[in-house]
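Trainee: I would like a close look at a single part of this model. Please take me through it slowly.

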Amino acid sequence: MRIRVINPNASASMTAIAEECARAVAAPGTIIEGATNTMGPLSIESHYDEALSVPGLLAEIARGEAEGVDGYVIACFGDPGLDAARELARGPVIGIAEAAMQAASHLGRGFSVVTTLSRTIGRAAELAERYGMDRFCFGLHACEIPVLELEDPKARTVIADACREAVHADNSDAIVLGCAGMADLCEYLTREVGVPVIDGVTAATLTVQSLVTMGLRKSGRGEYARPLPKQYTGILSGFTLD
Ligand SMILES: NC(=O)NC1=NC(=O)NC1=O
């Protein structure tokens, strides 16, 4: 099977991190292909960034459909464009926030989310509620490191401290990493913090792999049916659906 891990931001270095983490857990015979948004923000840290990441994300979904991709991971913790992507795709489309929260909910009474900037906490809280995970989400915290500074070697100790503080403050049993750019820190943070630390890229990859292995695809009826034929104007003219 082919799983495309789409980074909705335009930073190839972050795509590489996500792709490597997904490939590390994929089954033999599962091909992991990273894709970087070619028309979007270099990082997603606001509603504005998130909105502007969606057209390029959808273009990557359309490209994957033309190439026969079996399923997709949206590798950004805001799960941007998830519903629209599901309308376009035949196979499963899983966001890293939904997958990470669902995985964490199996491991204890509750989890804490540790994300990048505190201004993204509201979006994460909305997603927890949408996914029915709010009863398991004991708290949401930010390490206040901008997304593109996560690659700084000093970032990992700041994030580890934020994770410890979150577990203590929330009395939680697990940590959900609130950014795809933290995916490569999962093992280190698990050792440092002493509770299960879940990276959504690997959780979403294995969710897609499980669904495709079961022969399951996105439902073609109702809300997630393919959008009706329509013209789109201006710079969106390339998104016209026949
Ligand atoms: N909360 C976040 O910082 N999410 C993210 N922004 C990105 O650019 N990638 C993420 O996963």
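Where is the place of Glu144?

Mentor: First, the ground rules. This is a predicted model, in which local features need pLDDT of at least 70 and side-chain atom pairs count only at pLDDT 80 or more, while totals for chains, interfaces and linings use all residues. Residues are numbered from 1 along each chain as its sequence is written, and side-chain values use heavy atoms, with hydrogens and water left out.

Glu144 lies in the loop between strand E6 (137–142) and helix H6 (155–170). Helices (H or I, at least four residues) and strands (E, at least two) are DSSP runs, numbered from the N terminus. The phi of Glu144 is near 60°, a positive value in a residue other than glycine. Most residues other than glycine have a negative phi. Glu144 counts as partly exposed because its relative accessibility is 44%; buried means under 20% relative accessible area, exposed over 50%, and partly exposed in between (1.4 Å probe, protein chains only).

Asn171 also has a positive phi, near 55°. Its place is the loop between H6 and strand E7 (174–178). With 63% relative accessibility, Asn171 counts as exposed.

Thr15, in helix H1 (residues 12–25), is buried, since its relative accessible area is 6%. Its side chain makes a polar contact with the side chain of Asn7, at 3.0 Å. A polar contact is a pair of N or O atoms within 3.5 Å; within protein, one must be able to donate a hydrogen and the other to accept it, and residues adjacent in sequence count only if both atoms are side-chain atoms.

Now the ligand. There are 13 residues around the ligand, and Asn9, Ile44, Phe77, Thr116 and Ala180 come nearest; a residue is near a molecule if one of its heavy atoms lies within 4 Å of it. By class, this shell has 7 nonpolar, 6 polar and no charged residues. Ala, Val, Leu, Ile, Met, Phe, Trp, Tyr, Cys and Pro count as nonpolar, Asp, Glu, Lys and Arg as charged, and the others, Gly among them, as polar.

A polar side-chain atom of Asn9 is 2.8 Å from an oxygen atom of the ligand. For Thr115, a polar side-chain atom lies 3.0 Å from a nitrogen atom of the ligand. An N or O atom in the side chain of Thr116 is 2.8 Å from an oxygen atom of the ligand. Taken alone the ligand exposes 300 Å², and the protein buries 98% of that (Shrake-Rupley method, 1.4 Å probe).
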